[in-house]
Amino acid sequence: MERGRKGLQDESAIGQSVLEFYKALPFNYRQSVAEHAREIRARDAVAVYPVLPPLLGDPAVRVLEIGCGTGWLTNGIAYHYGRPVLGIDFNPVALERASAVAAELGVGSQFRVADLFTWMPDAPYPLVISLGVLHHTNDCAGAVRRLGGEFVAPGGHLLVGLYHQPGRRPFLDHFRAMKAAGASEDEMQDRFRELDSRITEDTHLQSWFRDQVLHPHETQHTLKEMLPVIEACGMTLESTSINRFQPFESVDELYDQEQDYARIAAERLAAGEYFPGFFVFLARKTA
Ligand SMILES: C[S@@+](CC[C@H](N)C(=O)[O-])C[C@H]1O[C@@H](n2cnc3c(N)ncnc32)[C@H](O)[C@@H]1O
């Protein structure tokens, strides 16, 4: 589809505002390099995604992370699984931190400043991961097509994490209502701190609060919307967080389950729990 002049302006304006936003303070930023490294050493956060450890067990796997930010995953894979990983992100501030953390940990992860829409790998990768990134671009489906179609090797895997349309709504509505009622940013940050009590350090909290509540551009999606996109790249859905990565008989049961996400999100929020409304899917390149 041909885009008009206005469309092109919007496209670059979105990318530019997202980049400036993250340059001011990258997501998941901590006070010091030592703190990032301590957190990675202390626990294997990669295993939060149970589909990853079996894939990382393959000695031939090479990993590409798109939009790696400060590199908790890229450096975590290098540290806990010893696999070669390349992280790309268009924010040089985040990558400076990610590289310093790699040096502190003594791992060989590589980082490159690049925009996912213009960069191309020298060769496709057996495992491509992108968590919490593509919904901050002007074309989420186009980005999934690019990763699945061009970055993943035949037989390889793609793991993508996105905001979920029904699941995200209660969280966004909650903070929009606070703002409409005149709450200040400090008050909203205090509310976010209450909800997400895992975060104790101020810089870290601020980087999460901005990302979750003050972001200049995010979109929300569903598995049902994404399935035709991944199939058009010759990929088959293998697993998803929608049913907690359990085996499934048909995608229709997953579509039914994802409809329930608005209710689950509202209940969690009412119980004072953090529920960002995020889902992941793992697809394999089969054609
Ligand atoms: C919410 S952060 C997630 C970072 C990381 N994946 C994580 O889980 O901590 C989104 C990241 O996407 C990056 N990003 C957004 N658009 C991008 C683009 N077009 N090309 C490369 N990176 C991009 C941002 O710079 C930012 O680091």
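Author: Here is a short tour, from the overall fold to single residues.
Author: This is a predicted model, so local features need pLDDT of at least 70, side-chain atom pairs count only at pLDDT 80 or more, and totals for chains, interfaces and linings use all residues. Residues are numbered from 1 along each chain as its sequence is written.

Reader: Fine. How many helices and strands in the protein?
Author: The protein has 12 helices and 7 strands. Those are DSSP runs, numbered from the N terminus: helices are H or I with at least four residues, strands are E with at least two.

Reader: What is the radius of gyration of the protein?
Author: It is 19 Å, which agrees with the value near 19 Å for a compact globule of 287 residues. The radius is taken over C-alpha atoms, and the globule rule is 2.2 Å times the number of residues to the power 0.38. Along the principal axes, the C-alpha atoms fill a box of roughly 55 × 45 × 45 Å.

Reader: And what percentage of the residues count as buried?
Author: 37% of the 287 residues. Buried means 20 or more other C-beta atoms within 10 Å of the residue's own; exposed means 12 or fewer, partly exposed is in between, and C-beta atoms are placed from the backbone.

Reader: Ligand next. Which residues come nearest?
Author: Phe27, Gly67, Gly69, Phe90 and Asn91, out of 23 residues around the ligand. A residue is near if its C-beta atom, placed from the backbone, lies within 6 Å.

Reader: How does that shell split by class?
Author: There are 12 nonpolar, 8 polar and 3 charged residues around the ligand. Nonpolar covers Ala, Val, Leu, Ile, Met, Phe, Trp, Tyr, Cys and Pro; charged covers Asp, Glu, Lys and Arg; the others, Gly among them, are polar. Helix H1 (residues 5-24) gives the largest share of the shell, 3 residues.

Reader: Where is asparagine 28?
Author: In the loop between H1 and helix H2 (33-42). Asparagine 28 counts as partly exposed because it has 19 C-beta neighbours inside 10 Å.

Reader: Switching to the core. Which members touch the most others?
Author: Val128, Val144, Leu147, Leu158, Val160 and Phe281, in the largest nonpolar core of 58 residues. Such a core is a set of buried Ala, Val, Leu, Ile, Met, Phe, Trp, Tyr and Cys residues joined through C-beta atoms within 7 Å.

Reader: What does valine 144 touch?
Author: Leaving out residues up to four places away in sequence, valine 144 touches Leu134, Val160, Met226, Val229 and Ile230. Contact means C-beta atoms, placed from the backbone, within 7 Å.

Reader: Which residues of H6 are buried?
Author: Cys140, Ala143, Val144, Arg146, Leu147, Gly148 and Phe151. Their cover includes strand S1 (63-66), strand S5 (152-163) and helix H10 (223-232).

Reader: What about phenylalanine 278, which strand is it in?
Author: Strand S7. Phenylalanine 278 is partly exposed, because 17 other C-beta atoms lie within 10 Å. Beyond its neighbours within four places in sequence, phenylalanine 278 is in contact with Gly161, Tyr163 and His164.

Reader: Last one: where is phenylalanine 245?
Author: In the loop between S6 and helix H11 (251-259). Phi of phenylalanine 245 is near 65 degrees, a positive value in a residue other than glycine.

Conventions. Contact = placed C-beta atoms within 7 Å.
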